[in-house]
Each structure stands twice: as C-alpha cells, then as structure tokens.
Amino acid sequence: MNYPTKKLKSILAFSFMICFAFQSFAASWNVPEDQKTRNSYIKFDASTASQGEAIYNANCLSCHGDPGKGNNLKSLNPIPPELSSVGSQNLTDGELLYILNTGRAVMPSFKNSLSEEKMWHVISYLRGFNKNYVQTLSSFDPSKSKLVKLVANFDKAKNAFLIVAYANEKNGKKALVGSEVSLFVKRRFGNLQIDKTLKTDGSGQAEIVFPNDIPGNKTGELEVIVKLFDLNYGEVQTTSRLAIGVPTNKPGLNEQRAIWNVLEKAPYWILFLYSLGVISFLIFILYILNNLRKFRISGNK
Amino acid sequence: MSERINSEKITADLLRPIRLNKGFMVWMGVLSISLLVCLFAYFLQLRDGMIVTGLGDYVSWGMYISNFVFFVASSLIGMLISGVLSLLKQKWAAPLARIAEIIALAFAAVAGLVIVMDMGRPDRLLNVFIHGRIQSPILWDVTVITSYMIVSALFLYIPLIPDLKICAQKLTNIPPFARKIYEFLSLNWSDTPVQRELIRKSTRTIAILIIPIALAIHTVTSWLFANTSRAGWDSTIFGPYFVAGAFVAGTAAVIIAMFIFRKVYHLEEYITEFHFDKIGQLLVLVSLLYLYFNVNEYMVPAYKMKRADAFHIHELFVGSHALLFWITQLGGLIIPIILLILKPFRKPIPMLVISTMVLIGSWLKRYIIVIPTMEHPYLPVQNVPLKFSVYTPTLIEILVTIAPMIMVLLIITVLAKVIPIIPIHETIEHQQEIASKKK
C-alpha cells in the first residue's frame with residue numbers, strides 16, 4: 001500500500017511548511033538583545049496612558065483597531081496584531097519600543113515622527129490592557145539630556161555638517177561616543193532625512209555630507225534639525241535656519257488666474273466665454289418674449 | 001366645403017383625447033402610487049444618508065449619474081426632430097414634433113432632480129449657485145440645462161398657441177377655469193398675417209437657437225467625464241460621442257411614445273406607417289453614427305493599450321463587465337441597426353420592440369460609461385474590503401433611480417392630456433396646402 005504513505009508524507013510536509021512559516025514570521029523582528037531589555041524611564045500611570053491613547057488613536061488605530069475589540073484590519077498582509085492579545089503583551093517594553101522605532105513591511109517606522117517619550121506613552125496605554133503587567137522602571141534619568149551640548153556646524157568647503165556632541169558633567173566635558181546622530185531638513189509634510197543615521201566617533205563627532213540641490217525659500221534658507229540619541233543621556237535635538245538650499249521663488253499656484261483657482265481668480269477667457277454665452281442666450285430669449293408681447297398686442301386690435 | 005369638413009374632422013380627432021377618462025385615471029393612479037413608493041425610498045436615503053446606496057469612496061458616481069446622463073441624452077431629441085428636421089424641411093416629421101418636444105421638456109425638467117437625488121446633502125444645493133466656480137463644467141452644465149429647459153418650453157409653447165385657441169373654442173366638456181387658462185395662454189390668437197409672421201419668425205429663431213444649446217448640454221455633460229484623465233473617460237471625442245448616443249436614445253423614446261399615443265388616442269390616420277418607416281430610417285442613421293463613434297472610442301485606446309486603458313478595456317471586453325457590455329452593444333445598437341435596415345421591421349410593432357431594446361441599451365450604455373471607470377482609479381485600490389471598490393446598487397438606490405423615470409412619464413401623460421399632441425393648426429394648414437396644390 002503505497003498511497004497512505006504518500007498522503008501522510010504530504011501532510012507532514014505541509015505541516016512542516018506551516019510551522020516554518022510561523023517560525024520565520026515570529027522571528028523576523030530580530031530585536032537586538034540590548035534593545036530587548038530596555039525599560040521606560042517614565043512611570044506608567046493613568047495620565048501617561050491617556051496621553052498614549054490619543055497618540056495611539058491618531059497613528060495606530062487605523063490598522064491595529066481598538067485594543068480588545070478585535071477590529072484590526074484583517075485584509076492586510078501580515079495582519080496587524082490585536083495589541084491586547086497575549087502574543088503582543090508577551091513582548092517586552094524594549095521590544096515594543098524597537099518595533100515602533102524600526103517598523104517592518106506595512107508597519108511604518110515612527111522613529112522620525114514620534115519622540116521616545118511619546119512612544120513610551122503609547123506603550124503605557126497598551127499595558128493598560130494587561131492586568132498581569134508589572135512595570136520595571138529604567139534607572140535612566142531623562143534630566144541628564146539637559147547636560148548634553150549638541151553643536152552642528154556647516155562647513156562650506158566640504159559641504160558637510162560637522163556634528164560635535166558632549167556632556168557637561170561635573171568633572172568636565174565628556175564626549176558622547178557611539179551615540180546615534182541624524183540630520184533632517186524640514187519639509188511641508190514632515191522631515192526629510194539627509195544621509196543615514198551615523199554613530200559619533202571616539203571624539204564625539206560625526207560628519208554628514210549635505211546635498212546642494214535642496215530647494216529652500218526665497219533666500220535659500222532651510223530649517224535643519226539635528227537629532228541625537230544616546231543610551232545614557234537620551235534624546236537631544238537642535239534646530240537651525242541656514243541659507244544652504246537652492247533659492248526658490250515660485251509664485252503660489254493659487255496666486256495667479258487659473259482654471260483651478262477660486263471664482264475671483266478665474267481666467268479672463270473663461271469669464272468672457274461664459275458671459276458671452278449667457279448674454280447671447282438672454283438676448284435671444286428677450287427677442288422671443290418681445291415677439292410674444294407684440295403678438296398679444298396685435299391680437300387685441 | 002370638403003376642406004371645411006376635413007378641418008373640422010381633424011380638429012375633432014385631435015381634440016378627442018383631451019378629456020378625463022377611466023383609462024387615464026387608472027394609469028395616473030398606478031404612476032402616482034409607484035412614485036410614492038420610490039419617494040419613500042428617497043426619504044430613507046435622506047434620513048439615513050448615502051450609506052443606504054451602493055456608492056462609496058471609489059465608486060462615488062453610480063446609477064444616479066448614469067441615470068442623469070441618460071435623462072440629458074433623451075432630452076436631446078427635441079432639438080433633432082423639431083429643430084434639425086424642420087430646418088431641413090423634412091415635412092414628415094411635423095406631426096412628431098410636439099411628441100418630441102414633450103419628451104425633451106419632461107426629461108430636461110427632471111434631469112436636474114436626478115442630480116439632487118445623487119446629493120448627500122440636498123439642503124446645500126444653493127451653494128452650487130452661491131459658490132459655483134465658473135471654471136467648473138458642473139456650473140456650465142447647470143447653466144446649459146436650465147437654458148435648454150427654457151428654450152424647450154418655448155419651443156413647445158409657441159407653435160402651440162393657435163392650438164390653445166382651438167382648445168379654448170372647441171373643447172366643450174372642460175371647466176370654465178381651464179377654458180380661461182387656454183384663452184390666456186393663446187395670447188389673443190386671431191390668425192392675422194402679423195401674428196402668423198411672428199410665430200414663424202420666433203419658431204425659426206428657436207429652431208436655430210436650440211441646436212447649439214442642445215449640443216452644449218450634452219457636450220458639457222460629456223465634459224464632466226472627459227475633462228478628467230481617468231481611463232475610459234479621457235477622450236477627445238466624448239462630446240460628439242455623447243450627442244450621437246443621445247440621438248439614438250431620444251429617437252427610440254419618440255418611437256415608443258408614437259406607438260403608444262397612436263394606439264391609445266386612435267391617431268392611426270395622423271401617425272401612419274409611413275411615419276414609422278421614416279423615423280425607423282432616422283434611427284438607423286443615428287445608430288450608425290453612434291456605432292462609428294463607438295468603434296473610434298474603443299479602437300483607439302485598444303490599439304495603444306496604455307496600462308490603465310488596457311485594464312479598463314479588458315474589464316469591458318472580457319472581464320467583469322463583459323456581459324453587460326456585449327448585451328448593450330449588440331442588443332442596443334448592432335442588432336437594432338441590422339433589423340431596421342430591413343423594411344419589414346420598420347412597421348409599428350417590430351419597431352416598438354426594437355426601440356425598447358435600444359432605449360434599455362441606452363440606459364445600460366450610460367452605466368457602462370460611468371461605473372467601470374470609477375472602479376478602476378489610477379491609484380491602486382488596496383487594503384479595503386471588496387465591497388468598497390466593486391459597485392453593487394442597493395434596492396433603495398434602484399427605487400430612487402426609477403422615481404425620475406416615473407416623473408417623466410407623469411409629465412408626458414399630463415401634457416399629452418391637456419394639449420393636442422399632434423399640432424392641429426399645422427395639420428390643417430398642411431392639408432390646405434396639399435388641396436390648393438391639387439387645384
């Protein structure tokens with residue numbers, strides 16, 4: 001009897017494939033160990049949870065649905081998990097933060113749009129759906145970020161930003177080594193990252209080459225944002241306005257007479273043609289009505 | 001003497017339908033009850049919002065807009081028969097002119113309402129006029145349809161003036177107030193040369209004026225689609241394509257009306273088989289014209305197969321809309337052309353059947369023009385339930401779509417009840433002309 005063996009084999013193969021698929025799916029976040037064990041320095045309470053809820057509703061709800069209600073968007077692939085589920089709640093705080101930071105496939109990265117503090121608020125909100133959750137606070141002191149001095153100087157010759165980061169500790173300046181540095185230019189709908197996120201070198205420095213074709217305002221001014229993240233000192237950012245973009249002086253699309261503009265700024269030729277049409281129509285109608293008037297009068301005689 | 005008898009017979013024959021009889025009451029009752037049912041559906045739509053329809057973010061123009069285009073199309077026939085044919089001195093069409101005008105006026109009057117039915121917030125209708133942008137084809141459409149309605153009403157009214165006088169004088173069984181209305185509307189018609197000349201001049205002016213306006217209403221309606229860049233609408237021939245299609249729909253509507261009036265009002269002597277034969281030829285002519293535009297409209301994008309067009313055409317020819325598409329093209333256009341070329345089919349009963357096919361095909365054609373394009377936007381439809389992107393009309397929507405059709409029937413029925421649907425004065429004049437030629 002060859003047949004049942006064959007069938008069994010195919011079932012086994014199929015089950016193996018399914019297991020493998022699940023395995024690869026679960027494992028693919030690949031959260032680094034040091035990230036996994038990170039904890040929040042903010043104590044989770046009702047206030048942080050309610051702040052987190054507002055952020056969740058604006059950024060997460062459309063795909064993940066209301067936690068506990070199972071209305072996550074199941075037509076997506078992979079399906080965005082229901083975040084009050086055991087699977088999601090079993091992740092550590094650090095893993096959740098990592099996922100928010102990096103994103104994957106349809107899950108966007110919030111690294112550039114939410115600060116770490118806001119991400120912790122979201123996690124605080126989600127932990128409210130887990131009765132067994134006990135928070136482990138991080139010993140990190142957020143006020144330490146105030147000690148950090150972040151300097152970004154634009155070097156015209158090299159066309160690059162030289163970024164220097166150090167902390168003003170009691171015992172003198174301490175260069176921030178291995179901190180993440182990223183450079184952004186503010187655009188209308190968000191921040192445009194320039195080059196990759198770099199790590200500061202042994203002297204707390206990083207150099208990011210700046211492209212010379214970014215459109216600025218009339219005088220070529222751009223708003224440049226430098227962000228730094230250090231495991232010990234937290235997040236720091238500085239903003240500066242520099243005339244390093246391409247001067248652009250285009251009149252707004254809604255300033256001239258155009259088809260797409262409001263009625264007051266309609267093109268003359270449309271105003272003319274439309275009025276011409278309406279006026280000629282009215283003249284014809286008046287002519288006809290006058291004929292009818294004459295008609296009536298002539299019948300009276 | 002025989003002429004006199006003849007004209008009296010004509011007057012009597014053509015005035016006979018103007019009286020309230022049982023058949024009329026029953027028909028009006030049926031129409032009114034059906035209209036009430038449909039208006040209840042509209043009430044539900046007003047109460048609960050557009051969610052009761054199958055419309056959504058992707059297919060936001062559904063049956064209502066198809067219906068609107070169909071209505072505007074059908075109203076164009078007034079221009080073709082009363083305008084173009086009379087200017088071309090096609091005498092045979094004269095007895096059909098008033099039927100065509102009544103149909104035109106009814107469809108044009110209701111077309112605006114069809115748009116209101118498509119509005120989620122009809123209470124904001126006035127904003128179209130207050131904040132309308134002169135750059136938008138929507139405002140042009142509102143303007144030209146209003147103009148066409150006014151011109152159609154005048155075109156119906158002015159040649160009717162002598163007949164209104166005849167109504168006031170010859171109708172015996174009407175209440176005094178109705179007689180007064182006839183009298184008032186006949187504007188002291190006393191058949192003087194001056195008055196004849198004024199009527200002739202005015203009618204001729206309107207016959208000319210109505211041609212650009214009618215072309216404008218359907219061309220502008222086509223621009224509502226063609227002025228976008230969407231696959232299936234982005235076409236330079238949409239204006240004439242729509243106008244040709246409108247002639248097909250309107251001619252079919254007139255044939256159906258001719259048949260029914262002839263039967264119900266016993267007008268066999270006035271609407272003869274000769275008229276059916278002639279208007280059958282007209283239907284073939286306009287259908288061939290429309291077929292030509294159809295070939296153009298599908299051939300050109302199908303040859304180039306640009307990506308979005310290719311997808312659209314594939315859906316129409318062999319995809320999810322293929323059945324409807326081929327029923328429409330074959331049943332509503334190609335088969336009618338083949339049949340009507342043959343003389344035996346240009347008889348009243350076969351023509352009633354064929355015209356009904358054509359008219360249904362004309363409605364479906366508008367559906368085919370509006371909906372498949374809406375289902376295929378340029379940006380990919382993703383991560384939404386299937387029902388968001390595939391349009392299925394609901395029962396309420398179907399009823400609300402039927403409501404304006406009933407209104408058109410009501411308007412036609414009432415108008416055909418209060419005015420002679422075949423011009424009396426003109427028919428008598430025509431007879432006299434023939435008689436004087438014989439002498």
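**View 1. Trp189(B) is a buried residue of a predicted model.** Trp189(B) has a relative accessible area of 9% and is therefore buried; buried means under 20% relative accessible area, exposed means over 50%, and partly exposed lies in between (1.4 Å probe, protein chains only). This is a predicted model, in which local features need pLDDT of at least 70, side-chain atom pairs count only at pLDDT 80 or more, and totals for chains, interfaces and linings use all residues. Residues are numbered from 1 along each chain as its sequence is written, chains are lettered from A and ligands numbered from 1 in the order in which they are written, and side-chain values use heavy atoms, with hydrogens and water left out.

View 2. Rings of Phe, Tyr and Trp (its six-membered ring) pair if their centres lie within 6.5 Å; planes under 30 degrees apart count as stacked, over 60 as edge-to-face and the rest as tilted. By this rule there are 30 aromatic pairs over all chains. In one of them, the ring centres of Phe295(A) and Trp189(B) are 5.9 Å apart and the planes are at 10°, so the pair is stacked. Helices (H or I, at least four residues) and strands (E, at least two) are DSSP runs, numbered from the N terminus. Phe295(A) is buried, at a relative accessible area of 1%.

**View 3. An aromatic cluster is found in chain B.** Seen here are Trp61(B), Phe225(B), Trp233(B), Phe238(B), Tyr241(B), Phe242(B) and Tyr290(B), which form one cluster.

**View 4. A salt bridge joins Glu221(A) and Arg241(A).** A salt bridge is a side-chain nitrogen of Lys or Arg within 4 Å of a carboxyl oxygen of Asp or Glu. Side chains of opposite charge can pair when their charged atoms come close. Over all chains, the structure has 21 salt bridges. In the bridge between Glu221(A) and Arg241(A), the closest N and O atoms are 3.1 Å apart. Glu221(A) lies in the loop between strand 6 (205-209) and strand 7 (222-230) of chain A and Arg241(A) lies in strand 8 of chain A, so the pair ties together parts that are 20 residues apart in sequence. Glu221(A) is partly exposed at 29% relative accessible area, and Arg241(A) is partly exposed at 47%.

**View 5. Asp191(B) forms a salt bridge with Arg196(B).** The distance from N to O is 2.6 Å. Asp191(B) is placed in the loop between helix 9 and helix 10 of chain B. Its phi is near 60°, a positive value in a residue other than glycine. Asp191(B) has a relative accessible area of 35% and is partly exposed; Arg196(B), with a value of 35%, is partly exposed.

View 6. Arg200(B) is partly exposed, with 47% relative accessible area, and Glu197(B) is partly exposed, with 35%. Elsewhere, Lys9(B), Asp13(B), Arg16(B) and Glu269(B) are joined into one network by salt bridges that share partners.

**View 7. A nonpolar patch lies on the surface of chain A.** The patch consists of Leu253(A), Ile259(A), Trp260(A), Trp269(A), Phe272(A), Leu273(A) and Leu276(A), with about 820 Å² of accessible area together. Patches are made of residues with over 30% relative accessible area and no salt bridge; like charges are joined within 9 Å, and nonpolar side chains (Val, Leu, Ile, Met, Phe, Trp, Tyr) within 5 Å. Accessible areas come from the Shrake-Rupley method with a 1.4 Å probe, and for residues only the protein chains shown count as cover. Leu253(A) is located in the loop between strand 8 (234-242) and helix 8 of chain A. Leu253(A) is exposed at 61% relative accessible area.

**View 8. A positive surface patch is found on chain B.** Lys89(B), Lys91(B), Arg204(B) and Lys437(B) form this patch. Lys and Arg count as positive and Asp and Glu as negative, while His and the chain ends are not counted. The place of a charge is taken as NZ of Lys, CZ of Arg, CG of Asp or CD of Glu. Lys91(B) is in the loop between helix 4 (77-87) and helix 5 (94-117) of chain B, and is exposed at 55% relative accessibility.
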